[in-house]
Amino acid sequence: MAVDFKTNLENIGFEKYLKKLVKKLAGKKVVIYGTGTFFQYIQKNYDLSGLNIIGVSDMKFSNEQEGQDFLGYKIIPKSRIAEYPVDCVLVATLQYLSIVEDFCLNVFNKTKIKVYPLARIPLSQMIKHIWES
């Protein structure tokens, strides 16, 4: 069953959350982590220009792809995010909890890099998505 991103994002008030995120991250350098269909839908249907996105990252990107273009953004391999002048990583996946936890506790724990979900999906919707997959 295909996930209805439009309805899900409308139901969680994503546009309002995005506006708050833009204000919160004003002047901050942002990397988006997770470039799958969820992020691609958001990128195509919402205005992300208020975020100072310096690049995108995903586990599928290798070090050899660093600097290449993906959807108009520079690829930054996960292993090299901390080498960039990054203030915040926005996790753009439906099941973001484990990634946010790993980034906060292990990957960026000795840095000043903050980690937030790009869209806060309620746990009940995450579970529903897992069961329908």
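**Figure 1. The exposed face of helix α3 carries Thr37 and Lys44, turned away from the buried side of the helix.** Exposed denotes over 50% relative accessible area, buried under 20%, and partly exposed the range in between (1.4 Å probe, protein chains only). The model is predicted: local features require pLDDT of at least 70 and side-chain atom pairs pLDDT 80 or more, whereas totals for chains, interfaces and linings use all residues. Residues are numbered from 1 along each chain as its sequence is written, and side-chain values use heavy atoms, with hydrogens and water left out. Helices (H or I, at least four residues) and strands (E, at least two) are DSSP runs numbered from the N terminus.

**Figure 2. Phe38, Phe39 and Ile42 are the buried residues shown in helix α3 (residues 37-45).** Because these residues cover an arc of only 95° around the axis, they lie on the same side of α3; the arc is that of the directions from the helix axis to the C-beta atoms. An α-helix has 3.6 residues a turn, so residues three or four places apart point the same way. The cover over the buried residues of α3 includes α1 (5-11), α2 (14-24), β1 (29-33), β2 (52-57) and β4 (73-74), where contact means heavy atoms within 4.5 Å.

**Figure 3. Seven aromatic pairs are counted in the model.** Rings of Phe, Tyr and Trp (its six-membered ring) pair if their centres lie within 6.5 Å; planes under 30 degrees apart count as stacked, over 60 as edge-to-face and the rest as tilted. Tyr33 and Phe103 form an edge-to-face pair, with 5.0 Å centre to centre and 75° between the planes. This pair links distant parts of the chain, 70 residues apart, with Tyr33 in strand β1 and Phe103 in helix α4 (residues 97-107). Both Tyr33 and Phe103 are buried.

**Figure 4. Phe39 and Tyr73 form a tilted aromatic pair, 6.3 Å centre to centre with 55° between the planes.** Phe39 belongs to helix α3 and Tyr73 to strand β4, so the pair ties together parts 34 residues apart in sequence. Phe39 is buried at a relative accessible area of 0%, and Tyr73 is buried at 15%. Ring pairs also link Phe5, Phe38 and Tyr41 into a cluster.

**Figure 5. An open sheet of four strands runs in the order β2-β1-β5-β6 with parallel pairing.** Two strands pair if DSSP finds at least two bridges between them. The edge strands, β2 and β6 (114-117), each pair on one side only. Strand β5 (residues 88-91) pairs with β6 in the parallel sense over four bridges, and Leu90 stands opposite Tyr116 in β6.
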